[in-house]
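Me: I'd like to learn how to read a structure like this one feature at a time. Can you take me through it?

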Amino acid sequence: MLLPVVVLLIGCSAPTPTAPTVRVIRIGVLPDESRSMLEQRYLPLVAYLEDSTDLSCQLVLHGSYEELQAAFEAGDVELAWLGGYTFVKLNRSHHAVPLVSRDRDLRFTSYYLTRADESATSLGDFRGRRFAFGSRLSTSGHLMPRYFMREAGIDPETFFESVIYTGAHDATAIAVRDEEVDLGVANGPITESMFASKRISRNAIRVLQETPPYVDYVWACQSDLPATVRTELRDAFLNLSEADPANAAVLDQLLAKYFVPVHPDDFDVLQSIVDEIAPSGEPR
């Protein structure tokens with residue numbers, strides 16, 4: 001199992017004995033892309049949070065969704081970028097407090113990906129073929145696609161010849177491209193960003209189908225984080241504006257136009273789906 005990688009930004013050093021205590025916020029993010037992409041996405045945000053608050057921030061990278069969840073449960077991160085599934089688990093077990101989501105996160109979708117030269121036109125055409133989810137704890141790469149397939153009468157483990165878990169959205173897209181699987185499901189915005197950056201080509205893979213919308217990602221914090229600090233963090237996110245070029249660059253990396261405040265009630269439907277599909281706490 002990979003050990004967490006901590007990335008410290010300038011300004012995170014310990015205070016001198018005569019200075020006020022520095023409030024350090026350790027920030028964890030879902031490892032749903034490669035480490036280099038995670039650093040590219042989130043280091044600008046960490047720098048922004050340091051510049052716009054009185055907080056000192058550390059980006060802490062983990063090797064799996066399970067490691068991030070365990071770190072939050074142990075109190076080793078104060079703020080975390082969580083998928084909806086991970087959030088509802090941590091909200092129930094550790095009273096994780098939702099702060100903000102991106103404009104797109106209350107109506108999120110997943111993409112079913114196949115190769116560009118594939119003649120199939122629907123999920124039903126892939127019976128008896130190879131399929132890939134992302135991480136088992138991923139909302140967009142596993143839980144919600146499984147839910148929608150179940151609603152359509154498809155049990156992945158019996159419908160497909162084989163089912164694998166790649167661990168990340170970009171890994172799923174690459175597995176499809178490299179013919180390791182015939183069909184895979186991944187986060188829609190990350191897939192679009194891979195097309196835009198040429199990490200994958202539309203000449204190599206295509207979107208077969210898009211899921212219905214659902215609630216997904218959220219920035220959440222520990223319940224014992226002081227209310228003043230929660231407000232400071234929330235307001236920093238809400239103040240990000242595309243009208244400011246520096247802010248726009250941060251938002252672009254986060255695949256966002258702006259952030260909105262969220263409440264635990266926003267995740268009630270997702271919680272009921274988790275209880276239906278994974279009553280023991282883990283999806284199949």
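Me: Let's start with cysteines. How many disulfides does the structure hold?
Reply: A disulfide is a covalent bond between the sulfur atoms of two cysteines. Here the cut-off is a pair of cysteine sulfur atoms within 2.5 Å, and the structure holds zero disulfides. Cys-221 is in no disulfide, and the nearest cysteine sulfur, that of Cys-57, is 13 Å away. Bear in mind that this is a predicted model, where local features need pLDDT of at least 70, side-chain atom pairs count only at pLDDT 80 or more, and totals for chains, interfaces and linings use all residues. Residues are numbered from 1 along each chain as its sequence is written, and side-chain values use heavy atoms, with hydrogens and water left out.

Me: Is Cys-221 buried or exposed?
Reply: Buried means under 20% relative accessible area, exposed over 50%, and partly exposed in between (1.4 Å probe, protein chains only). Cys-221 counts as buried because its relative accessible area is 0%. Cys-57 is buried too, at 0% relative accessibility. For contrast, take Ala-246: its relative accessible area is 52%, so it's exposed. Ala-246 is found in helix α9 (residues 245–253).

Me: What should I know about the predictor's confidence before going on?
Reply: Look at pLDDT, the predictor's confidence in each residue, from 0 to 100. The protein averages 91, and 90% of the residues score at least 70. Over residues 1–5 the pLDDT is below 50, and beyond near neighbours in sequence this stretch has ten contacts in the model (contact means heavy atoms within 4.5 Å). Residues 7–22 are also below 50, with 21 contacts in the model beyond near neighbours in sequence.

Me: How do I read a helix? Which residues of α3 are buried?
Reply: Helices (H or I, at least four residues) and strands (E, at least two) are DSSP runs, numbered from the N terminus. In α3 (residues 84–94), the buried ones are Gly-84, Tyr-85, Thr-86, Phe-87, Val-88, Lys-89 and Leu-90. Their cover includes α2 (65–73), β4 (79–82), β5 (97–102), α4 (139–151), β11 (218–221) and α10 (268–277). After α3 comes His-95, whose phi is positive, near 55°.

Me: Which residues is Gly-84 in contact with, leaving aside neighbours within four places in sequence?
Reply: Those are Thr-139, Asp-216, Tyr-217, Phe-267 and Leu-270. Thr-139 is 55 residues from Gly-84 in sequence, yet the two are 5.9 Å apart in space, C-alpha to C-alpha. Gly-84 is buried because its relative accessible area is 0%.

Me: On to strands. Which strands does β5 join?
Reply: Two strands pair if DSSP finds at least two bridges between them. Three bridges join β5 to β11, running antiparallel, and Val-97 stands opposite Cys-221 in β11. Another three antiparallel bridges join β5 to β12 (residues 259–261), with Arg-102 opposite Phe-259. Six of the six residues of β5 are buried, so the strand is largely enclosed by the rest of the structure.

Me: What is the order of the strands in the open sheet of five?
Reply: In a regular strand the side chains alternate between the two faces of the sheet. The order here is β8-β7-β9-β6-β10, with mixed pairing. β8 (162–165) and β10 (205–210) stand at the edges with a single partner strand each, so one side of each has no neighbour in the sheet. Neighbouring strands are turned by 30° against each other on average, direction ignored. Within the sheet, β6 (residues 110–115) and β9 (residues 183–187) pair in the antiparallel sense over four bridges, and Tyr-112 stands opposite Val-185 in β9.

Me: Which helices pack on that sheet, and at what angles?
Reply: Axes are lines fitted to C-alpha atoms, for helices over the stretch in contact, and angles run from 0 to 180 degrees between N-to-C directions. α4 touches β6, β7 (130–133), β8 and β9, and its direction makes about 125° with that of β7. α6 (residues 169–177) lies across β6, β7, β9 and β10, at about 155° to β9.

Me: Last one: which residues touch the most other members of the largest nonpolar core?
Reply: A nonpolar core is a set of buried Ala, Val, Leu, Ile, Met, Phe, Trp, Tyr and Cys residues joined through side-chain atoms within 4.5 Å. Of the 63 residues in the largest one, Leu-79 and Trp-219 touch the most other members. Helix α1 (residues 35–52) gives the largest share, six residues. A second, separate core of 14 residues includes Tyr-111, Val-176, Met-194 and Ile-205.
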